[in-house]
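I opened this entry to keep track of what I looked up. My plan was to go from the parts of one chain to the way the chains meet.

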Protein chains: 2
Amino acid sequence: MAVYTDVTADELAEFLEGYDIGELLSYKGIAEGVENSNFLLHTRAGTFILTLYEKRVAKGDLPFFLKLMTHLAAHGIDCPQPLKDNSGKTLGMLAGRPAAIINFLEGVWPRKPNAAHCAGVGQALAKMHLAGRDFPMSRANALSVAGWRPLFDSAASRADELQHGLRAFLGAELDHLESNIWPENLPQGIIHADLFPDNVFFLGEKLSGIIDFTFACNDMLAYDVAICLNAWCFESDHSFNVTKARAFLNAYSRERELSAAEREALPLLARGAAMRFLLTRLVDVLNVPPGALVRPKDPLEYVRKLRFQQGVASIRDYGVEASGLVA
Amino acid sequence: MAVYTDVTADELAEFLEGYDIGELLSYKGIAEGVENSNFLLHTRAGTFILTLYEKRVAKGDLPFFLKLMTHLAAHGIDCPQPLKDNSGKTLGMLAGRPAAIINFLEGVWPRKPNAAHCAGVGQALAKMHLAGRDFPMSRANALSVAGWRPLFDSAASRADELQHGLRAFLGAELDHLESNIWPENLPQGIIHADLFPDNVFFLGEKLSGIIDFTFACNDMLAYDVAICLNAWCFESDHSFNVTKARAFLNAYSRERELSAAEREALPLLARGAAMRFLLTRLVDVLNVPPGALVRPKDPLEYVRKLRFQQGVASIRDYGVEASGLVA
């Protein structure tokens, strides 16, 4: 929920002269997106999203994100497509920030996902993984297992402010995840790495688009599956809903079958995925700047999810068969 | 910059069933509006604004605001028009809040108003004053002179935290404004009472709409003029721009001539108008709740404006003749 940088009509109009989308009719800052400033534009040509990339996003990564969206859209994935300006570029400068315009996707993100939504996101995630196979660029995942210790170190001394014993809990889990158990030979590819419900649009129960590729990177495809299990299959009372998990995993597997090694690794990957979001949320909540316009997300939600995943013995606990997924 | 209440797609879709605007395609929280939660809606029928009225707005005042917009729009004023639901009502309930849908106005608000913008707002303000003459409802201005002492009392003890001597400065000014000098016999009518640049849209230099009537009330029409002088005619370095003031006042007077008494009272009204916004900003800045998603506006901007207005001898200091405004 943020607009960090405001833009004057004059500078925006000048920026838009570089694009073939007609006169500016209106623009509104959108109360969505934590990393960037986003505006909804109306021009004579239609509706668009203007993104100003703030400093939390490394400028060197922007071509990766923009070319990835272009690639995925060209391969039939419903995701925003960056507009080319009159010189063929998708990235410009506006108000001192790197800026891009993407087409607007209709649809609403599900505040309370049901099993049909989970099936939709499972199918779309698998299709995205397949469409990403021949994408020529790559980007390391800075928030995989090697990136967690620095986050823990920066937050450990104050972790117990949130919950008594949290520091020891996180320290023990991190020791476990770092003890050479993290998988290394699972199928790799482009992952979204942040496919939470607010990044997936639906019209009714039909998925209409996937947005926000600012965490996309190369990593194990099954790690993306694990992130979604945590993000989509828990209820607001923190219980795990196996019906949703089964719908998600079956829909994924119908597009791209999970290997035996991926299925076996999934509970461990889900522990790691829970740790990753727990740690970044913990760092964020301990470092809310004065006057922040963003309400940090609750780290304790992910403490509960991590505890659940610690108790998962096999993929059967997610409601599907270990030997292969039943449609 | 705020969305206080989120809305699920299901409850919004149910709410929209009461209106004849077709299927919901998307909705985005807008980072504008301090008092309410605003969403930009796309439906099969077009683009709309959905407002959820939060608790700072008295529910009993909502029919006044909605009927006023309907009245003004019917009298040719470019302002949002509340949609009637299938039972003819403009006000419903959504997510536990009173809610209304208004049509969307294209246009952008001027971040750096020029003289042409000031002329545009002068003309539109006068037309709005004329269009409001036969509006049958009325609403007292709770933020006129009688409302300032309670605001001062609630903030006085901490005023010097912002600027040394601010408490004494405000106390002396308030004593002055309360000493039976506040005008009582000037022409009254419906005033907007908050016509800042972010509430006025332009397409190029042509005014396309006036929005946000949540402070509208009955008061002296010239007080609305005074509010705009403060809001539109100062530069970002706090200097007063007489070219803009002249453009604003001349454009206003071409639609509705200011009487001699109104012209004489204008500097005093501008002091009062500066005091009103200074006090509410001061109270707001001293009472920012933890986790607030709104960045409070700077009270000290209005200290400077108040000091300027204290030095104004007559309307001639605004760049126009005291005896009548020259076009």
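The notes below follow the order in which I checked things.

**Entry 1: the model.** I noted at the start that this is a predicted model.

**Entry 2: domains of chain A.** I looked up how chain A is divided. I found domain 1, covering 9–103, and domain 2, covering 115–318. I then checked the distance between their C-alpha centres and got 27 Å. Next I looked at the contact between these two domains of chain A: domain 1 gives 17 residues and domain 2 gives 17 residues. I sorted the residues on the side of domain 1 of chain A that touches domain 2, and wrote down 10 nonpolar, 3 polar and 4 charged.

**Entry 3: chain B against chain A.** I turned to the contact between the chains. Here 26 residues of chain B touch 26 residues of chain A. Which elements of chain B give two or more residues to this side? I found strand S1 (24–29) and strand S2 (36–43) of chain B. S1(B) gives the most, with 6 residues. By type, the side of chain B that touches chain A has 13 nonpolar, 6 polar and 7 charged residues.

**Entry 4: how the copies are related.** I laid chain B on chain A. This took a turn of 180° and a shift of 0.0 Å along the axis, with an RMSD of 0.0 Å. I wrote this down as the relation of a two-fold axis. Last, I compared the interface residues of the two chains. Of those in chain B, 100% are also interface residues in chain A, so the copies meet through the same surface.

Technical notes:
Residues are numbered from 1 along each chain as its sequence is written. Chains are lettered from A and ligands numbered from 1 in the order in which they are written. This is a predicted model: local features need pLDDT of at least 70, side-chain atom pairs count only at pLDDT 80 or more; totals for chains, interfaces and linings use all residues. Domain bounds come from an automatic or database domain assignment. Two residues are in contact if their C-beta atoms, placed from the backbone, lie within 7 Å. Ala, Val, Leu, Ile, Met, Phe, Trp, Tyr, Cys and Pro count as nonpolar, Asp, Glu, Lys and Arg as charged, and the others, Gly among them, as polar. Helices (H or I, at least four residues) and strands (E, at least two) are DSSP runs, numbered from the N terminus. Copies are superposed by least squares on the C-alpha atoms of residues with pLDDT of at least 70 in both.
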